[in-house]
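I kept them brief and went topic by topic.

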Number of protein chains: 2
Amino acid sequence: MAADKHTAAIIGGGVIGGGWAARFLLNGWDVRVSDPDPEAERKINEVLANARRSLPGLYNQKLPPEGELTFAASIADAVDGADWIQESVPERLEIKQSVLGEIQAAAPAGAVIASSTSGFKPSELADGAANPGQILVAHPYNPVYLLPLVEVVRHPDVSDDIVARAMHLLTAAGMKPVQIKKEIDAHIGDRLLEAVWREALWLIKDDYATTEEIDDIMRYSFGIRWAQMGLFETYRTAGGEAGMEHFIAQFAPALAWPWSRLTDVPDLDAALTKKIAAQSDAQSGNHSIRELERLRDNNLVAIMRALKGQDWGAGALLNQHDARLRTQEDVDWSGPVETANRVVPLDWLDYNGHMNETHYLEVVSKACDRFLILLGCDSTYIEAGNSYFTVENIINHIDEANAGDTIRVESRIIEGGGKKLHLYHELLAADGHTLATAEQMLIHVSLETRRSSLPEEPVASVLESAIAAQTQMQRPEGLKAGKQ
Amino acid sequence: MAADKHTAAIIGGGVIGGGWAARFLLNGWDVRVSDPDPEAERKINEVLANARRSLPGLYNQKLPPEGELTFAASIADAVDGADWIQESVPERLEIKQSVLGEIQAAAPAGAVIASSTSGFKPSELADGAANPGQILVAHPYNPVYLLPLVEVVRHPDVSDDIVARAMHLLTAAGMKPVQIKKEIDAHIGDRLLEAVWREALWLIKDDYATTEEIDDIMRYSFGIRWAQMGLFETYRTAGGEAGMEHFIAQFAPALAWPWSRLTDVPDLDAALTKKIAAQSDAQSGNHSIRELERLRDNNLVAIMRALKGQDWGAGALLNQHDARLRTQEDVDWSGPVETANRVVPLDWLDYNGHMNETHYLEVVSKACDRFLILLGCDSTYIEAGNSYFTVENIINHIDEANAGDTIRVESRIIEGGGKKLHLYHELLAADGHTLATAEQMLIHVSLETRRSSLPEEPVASVLESAIAAQTQMQRPEGLKAGKQ
């Protein structure tokens, strides 16, 4: 299904308005922005640049062609003919009400008028409006172009039809609208954030922790959990065999303890316990605790390994542990060189129930990186503007591998000299049998010109002696790389 | 550096004690467990099974050989000669004090005795102990074998030497110990969790949201953010050009508003604002806001794409959007078939500043999946026990690709018939020039026997007509797959 063509009016072009503009534009909507700030165009274009570099690559499909971005001279010009109007002006009720009045004076009667308000209830925004039934809250999270959640909040005058249309359009823009049952100050998410914020302020004020310590405590623990399961499914999973009611009962005493400076607490009595347990059953009851544990662990592994690729937070910690685990010994070039000894992670499996072919090449690619480092092509060499690019990869799959299996790689030089380097890798199981073989043809390059070049020192010298030693070995049969 | 050999005594073998046991064992430590529960051995082994399937694959290096796990008949037997003793018994002060007394009666004087307590201060635990200076808090997060954070809390009698040893040993076990400056009930992380928990209980009690809605609101928004940056670095980044002080000032009024049922709030005055801003500068001031935005977006992309691979949460949403974006048309087998049209994501780049070779094969592998679906080898066919395995991949790299670049793939059958299928893919840039070519030799298999088999219906028939049409095209030159 091709995306329908829509026009959004963005009223207020700050970080949030700009994020909405980018989200809609990259999903093919036309966008008209109204903002009195003379810097609005520059600011929106900066948000849009961030969005263009990050959002389209999230998908395995190409997004529809980008919509047209225009800057309107007035609110009236912006909203004329728009089917979605997003208000993101400063968080002051009288400003929002006045802007909503201007919007309604010119907007199509059937358009959705949504406010990005963090705190106000939709009934407050619509109070005194010409057409209150057209105004609802669609509260997003920054960065709006990446994070999918939108809290959709109605008041009693908003028709089911408008709400349904809002949910549909947000879904079509790749977002996750969650309709809030009853309006409440700050909706749901910002209430939870506000609770953490208030407690964090006490901790800093009273010198129990710094901002960095609080941030680290969050992003190395429950932050990773909450990227995949929220509070309740996490606790259900942690509760283990005893079940949700038992687990909640364990929490009850802590509500009376000084575990927070925030002291207004509900009575966690039998009625509330049963209510939570029943809702949790409805939410997660289709999975056993054992299944939930494994789903959780699969997700945590995938998230932590994603951060590992970015060398950030919990992922940087994994890289540091790798560095501790790596035994650096003198290389014996007279035989094959061990370039990997690792375990297949959970996130490498595919629908055939085994390690996907992509990750055979990932193992080979990382083994090649290691081999190159041993040849002197390390981060210093690369920062100086030299590296190797692969021009050909040939992988022969001999056996399957599964999560938890050990894979060792032995690598060797088949031929080298000049700009070319022909490597051969054997991927071995724990019992020594061959899982796959790989040939790689590499070419030395200048990272400045992106063209082939001769190796420089120290690689040139190391390579010379390595090639002399490595090419003494008998060649594997059936080599193909570099041949036409 | 090889891991040193250590022995841990695990006193209390529930979910947390079992997690500690697994973390230490998989990092090469010997572990002795003491727990009066007759089910303790079974429970620990279940946690250990979860840990074995998930932890070792986090690393690119093999962990040291697993340590030895024994079940001790008594606390005295367990702690004898141990250098780390981890107490994880129920959260009641008199039980913990009594168990710590038993531990100290038999433990080596130099051992670290650490409590997993969520709530008690170390001075409370050590009150009346024979050797209070040996007792500290090391509070982990579930699952302990995966999540790295440990809050290390001392009381005044604990020596710097013991704290330093604790920090070193936890780091060596791949964890992230954060030393808490001053002891406080529930340390830091559980205070933040308790704040969210209290607010969430109100929301459920008063029927504003269900457990599932609260969980969704968390895991589609700030949960993803907090997996990589905590509260303060996130707000600093969101504050944009105006800076941290300005951003905090924006929050100040909300503390007086009814944004939470939790009403005990500090005064966010100039002094506290400056304190936070100064700490934030010390934490993140080495990055500009623009850099922080890009680091954040890189991380968010990597995390969301990791969840995509698991088809879970925010990642499942991306898959749903892919399905909406995919245009299903009748396949014209008379020419090459478009099997991908996508954008290179941020997390595919490597140290050479371009799309890593691994992801060329990832694109090819996904294009192949798509081609197979068009041939009838879809999820239904696979669930019935039939599939294709790749036996050979040959990739020729012709040009570089970068994040944000479009890649289109055109795929075709070179030869087929019987169990074999020889595919050819061309990876094309937006302007139509060739980035890479790939050959794949596939073999039809039974997923039950994991052996080659003949295609079944509907694949057999679709394949027959597809092969007849596709092999009319002129063959590409230089094909190599399947040749010895």
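**Entry 1: the sheet in chain A**

I started with an open sheet of eight strands in chain A, which has mixed pairing and the order β3-β2-β1-β4-β5-β6-β7-β8. I counted two strands as paired if DSSP finds at least two bridges between them, and I took helices (H or I, at least four residues) and strands (E, at least two) as DSSP runs numbered from the N terminus. At the edges I found β3 (69-71) and β8 (176-180) of chain A, each pairing on one side only. From one strand to the next, the twist averages 25°. For such angles, axes are lines fitted to C-alpha atoms (for helices over the stretch in contact), and angles run from 0 to 180 degrees between N-to-C directions.

I then followed strand β7 (residues 149-153) of chain A, which pairs with β8(A) in the parallel sense over five bridges. Within this pair, A:V152 stands opposite A:Q179 in β8(A). Helix α2 (residues 40-54) of chain A packs on the sheet and touches β2 (30-34) and β3 of chain A; contact here means heavy atoms within 4.5 Å. The direction of α2 makes about 160° with that of β3(A).

A note on the ground rules: this is a predicted model, where local features need pLDDT of at least 70 and side-chain atom pairs count only at pLDDT 80 or more, while totals for chains, interfaces and linings use all residues. Residues are numbered from 1 along each chain as its sequence is written, chains are lettered from A and ligands numbered from 1 in the order in which they are written, and side-chain values use heavy atoms, with hydrogens and water left out.

**Entry 2: how the two chains relate**

Which rotation superposes chain B on chain A? I noted 180°, with 0.0 Å of shift along the axis and an RMSD of 0.0 Å. That is the relation of a two-fold axis. The superposition is by least squares on the C-alpha atoms of residues with pLDDT of at least 70 in both copies. In chain B, the C-alpha nearest the axis belongs to B:I394, 2.2 Å from it. The same surface serves both copies, as 100% of the contact residues of chain B recur in chain A.

**Entry 3: the sheet in chain B**

B:I10 stands opposite B:V33 in β2(B). I also saw that α8(A) packs on the sheet, touching β7 (149-153) and β8 of chain B, with its direction at about 140° to that of β8(B).

**Entry 4: a helix and its end**

Helix α7 (residues 189-205) of chain B has 17 residues and reaches 24 Å from its first C-alpha to its last. That is close to the 24 Å expected at 1.5 Å a residue, where the expected span is 1.5 Å times one less than the number of residues. Of the 17 residues of α7(B), 16 are buried, so this helix is largely enclosed by the rest of the structure. I used buried for under 20% relative accessible area, exposed for over 50% and partly exposed for in between (1.4 Å probe, protein chains only). Just after α7(B), B:D207 takes a positive phi of about 65°.

**Entry 5: salt bridges**

How many salt bridges does the structure hold over all chains? I noted 58, each being a side-chain nitrogen of Lys or Arg within 4 Å of a carboxyl oxygen of Asp or Glu.

- A:E87 bridges to A:K96, with the closest N and O atoms 2.6 Å apart, and both residues are buried.
- A:D207 bridges to B:K275, with the closest N and O atoms 2.7 Å apart. This pair crosses between chains, from the loop between α7 (189-205) and α8 (211-219) of chain A to helix α12 (residues 270-284) of chain B. A:D207 is partly exposed at 38% relative accessibility, and B:K275 is partly exposed at 22%.
- A:E39, A:R42, A:E46, B:R290 and B:E293 are linked in a network of salt bridges.

I found a cis peptide bond from A:N142 to A:P143, with omega near -5°; A:P143 is in the loop between β6 (135-140) and β7 of chain A. A:H187 has a positive phi of about 55° although it is not a glycine. A:H187 lies in the loop between β8 and α7 of chain A and is buried, with a relative accessible area of 1%.
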